[in-house]
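Look at the chain below and follow it from one end to the other. The paragraphs after it go from the overall order of elements to single residues.

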Amino acid sequence: MNITLDIERRLLLPVDPTQALRLLDDLEATIGRFPNLKKLTRLGPNQYRWDMRTMGVRIAKIAHDLSYAAQYDVDRPGATIRWKPLPGHGNALIGGEIQLRAQGAQTEMRFAVDGVMHDVPVPLLYRPLAGPFIVNKMGVLIERYLAATAAALRGDGAASPASGKIAKG
């Protein structure tokens, strides 16, 4: 079963836009805060393969080990990170962007992701529920990512990456 992702979340960061732009300066650390990231492998300049921990509920036999690769473009003047899927890596094609916009003394962070997860093994009985369930799980991970990013920018102890290791390959 293929599952389509089209998720957008926003968070008001408690830092000024100049501080928020630090996210654009260290792409690996910015990506590495994403929860359930098991391994991030550098494929080339600004190209990374994501290998995620299993998503889903094993007892219902809805579980998926998401893996994909993307090419990242950092637009510092536009305060944006965009990524496009790299075909031929993993079991998904996922793209998206992070935009930072000044909101007075704070910064709004917009995180958008779209794409498709291929060949998600789902029993026939659960297929009507599987798509919304997995999209919801991904939405929760994005919300946790935004919270970890806000903590990192504030300098909280919770700012350490929520993920596993970053591999260079």
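From the N terminus on, the elements of the protein follow the order β-α-α-α-β-β-β-β-β-β-β-β-α-β. That makes four helices and 10 strands. Helices (H or I, at least four residues) and strands (E, at least two) are DSSP runs, numbered from the N terminus. The model is predicted: local features need pLDDT of at least 70 and side-chain atom pairs count only at pLDDT 80 or more, while totals for chains, interfaces and linings use all residues. Residues are numbered from 1 along each chain as its sequence is written, and side-chain values use heavy atoms, with hydrogens and water left out.

Some totals describe the whole protein. Of its 169 residues, 47% count as buried; buried means under 20% relative accessible area, exposed means over 50%, and partly exposed lies in between, for a 1.4 Å probe and protein chains only. The accessible surface comes to about 8300 Å², and 53% of it belongs to carbon and sulfur atoms. These areas come from the Shrake-Rupley method with a 1.4 Å probe, and for residues only the protein chains shown count as cover. A contact means heavy atoms within 4.5 Å. Among contacts between residues at least 6 apart in sequence, 61% join residues at least 24 apart.

Now take the strands. Two strands pair if DSSP finds at least two bridges between them. Strand β6 (residues 67–75) pairs with strand β3 (residues 47–52) in the antiparallel sense, over five bridges. In this pairing, Ala-70 of β6 stands opposite Tyr-48. Strand β6 also runs antiparallel to strand β7 (residues 80–90), and seven bridges join the two. Here Val-74 has Ile-81 in β7 as its bridge partner. Four residues lie between the strands in the hairpin of β6 and β7, where Ala-79 takes a positive phi near 55°. In a regular strand, side chains alternate between the two faces of the sheet.

Next comes helix α4 (residues 127–154). How far apart are the end C-alpha atoms of α4? They are 41 Å apart, which agrees with the 40 Å that its 28 residues should span at 1.5 Å a residue. The expected span is 1.5 Å times one less than the number of residues. After α4 comes Gly-155, whose phi is positive, near 85°.

Aromatic rings join several of these parts. Rings of Phe, Tyr and Trp (its six-membered ring) pair if their centres lie within 6.5 Å; planes under 30 degrees apart count as stacked, over 60 as edge-to-face and the rest as tilted. By this rule there are eight aromatic pairs. One of them is the tilted pair of Phe-34 and Tyr-145, with 5.5 Å from centre to centre and 35° between the planes. Phe-34 is in the loop between α3 (27–32) and β2 (37–44), whereas Tyr-145 is in α4, so the pair links distant parts of the chain. The two residues are 111 apart in sequence, but their C-alpha atoms are 5.0 Å apart in space. Both are buried; Phe-34 counts as such because its relative accessibility is 4%. Ring pairs link Phe-34 and Tyr-145 into a cluster with Tyr-48, Trp-50, Tyr-68, Tyr-72, Trp-83 and Phe-111.

Arg-22 counts as partly exposed because its relative accessibility is 43%. Leaving out residues up to four places away in sequence, Arg-22 touches Ala-152 and Leu-153. Arg-22 and Leu-153 are 131 residues apart along the chain, and 8.1 Å separates their C-alpha atoms.
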